[in-house]
Amino acid sequence: KFMSREDKSRKGKSSSRQGGGSKKFSGRQGGNMKSKSFARGNAPVKNTPTQKKSQLSPDEIRLNKYIANSGVCSRRDADIYIASGNVTVNGEVITEMGYKVKLSDEVKFDGQNITPEKKAYVLLNKPKGFITGNSEEKGKRTVMDLVRNSTKSRIATVGMLERNSTGLILFTNDIELSKRLTQGQ
């Protein structure tokens, strides 16, 4: 290509078209090359005051999460069951999405009481020298000391064993199973 003298003298210098000069552009750049483009999802974040989450007391939980935590079904499935009227809270049928329940409320799913914890079962081969009940005496070792870190659920023993006896002990938070095993139904 042939270059004129002016082109040769500008070689290496920034031209006004590349944003180095004071000339303003028209078109998509909006007349100012230094401004940012907000096309394709690069919109600025709006400065709106942050909204606080709804004030919940620590013992309130959404009904679908309560049902999911009980191990009956997933949250999405729980929403379907709630909308169809399969869930009652304190004797009232609930069909409202986002309904909040307290941990002390009586929640029934298809007529059965549920608790917000997944059912946990722990089996322990009890060694000698441990007691199964809660010890008020200091220095006594309990079986709860052995299974303390096995689950986050609140579990209790099903039945009792003497301090000097050994054997299998079941720990669970499943109240219905515990009643059936101890009462022999």
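Q: By class, which residues does the lining of the largest cavity have?
A: This is a predicted model, in which local features need pLDDT of at least 70, side-chain atom pairs count only at pLDDT 80 or more, and totals for chains, interfaces and linings use all residues. Residues are numbered from 1 along each chain as its sequence is written, and side-chain values use heavy atoms, leaving out hydrogens and water. Ala, Val, Leu, Ile, Met, Phe, Trp, Tyr, Cys and Pro count as nonpolar, Asp, Glu, Lys and Arg as charged, and the others, Gly among them, as polar. Sorted this way, the lining of the largest cavity comes to 4 nonpolar, 2 polar and 3 charged residues.

Q: Which residues line the largest cavity?
A: A cavity is a set of points on a 1 Å grid over the protein atoms alone where a 1.4 Å probe fits but cannot get out, and lining residues have an atom within 4 Å of a point. The count is 1 cavity of 30 Å³ or more. The residues lining the largest cavity are Arg62, Leu63, Asn64, Asp79, Ile82, Glu96, Met97, Gly98 and Tyr99.

Q: What space lies in the largest cavity?
A: Grid points are joined across faces, edges and corners, and a volume is the space filled by probe spheres set on the points. For the largest cavity, that space is about 40 Å³.

Q: Which helices each supply at least two residues of the lining of the largest cavity?
A: Helices (H or I, at least four residues) and strands (E, at least two) are DSSP runs, numbered from the N terminus. The protein chain has 5 helices and 9 strands. The helices that each supply at least two lining residues are helix 2 (63–69) and helix 3 (75–83).

Q: Is lysine 118 buried or exposed?
A: Lysine 118 sits in the loop between strand 6 (112–114) and strand 7 (121–126). Buried means under 20% relative accessible area, exposed over 50%, and partly exposed in between (1.4 Å probe, protein chains only). Because its relative accessible area is 54%, lysine 118 is exposed.

Q: Which residues does lysine 118 touch, not counting residues up to four places away in sequence?
A: Contact means heavy atoms within 4.5 Å. With those sequence neighbours left out, lysine 118 touches Ala68, Asn69, Ser70, Gly71, Ser153 and Asn173.

Q: Which residue is the bridge partner of valine 89 in strand 3?
A: Two strands pair if DSSP finds at least two bridges between them. An open sheet of 4 strands has the order 3-2-5-6, with antiparallel pairing. Strand 3 (92–93) and strand 6 are its edges with a single partner strand each, so one side of each has no neighbour in the sheet. Strand 2 (87–89) pairs with strand 3 over 2 bridges, and the partner of valine 89 is glutamate 92.

Q: What is the phi of asparagine 90?
A: Asparagine 90 lies in the loop between strand 2 and strand 3. Its relative accessible area is 48%, so it is partly exposed. Although asparagine 90 is not a glycine, its phi is positive, at about 55°.

Q: Why is strand 9 largely enclosed by the rest of the structure, and how many of its residues are buried?
A: Strand 9 (167–172) runs antiparallel to strand 7, joined by 6 bridges. Strand 8 (156–158) also pairs with strand 9 in the antiparallel sense, over 3 bridges. Strand 9 is largely enclosed because its buried residues number 5 of the 6.

Methods: 1 Å grid on protein atoms, 1.4 Å probe; cavity = no way out; pocket = protein on both sides within 12 Å on 5 of 7 lines; lining within 4 Å.
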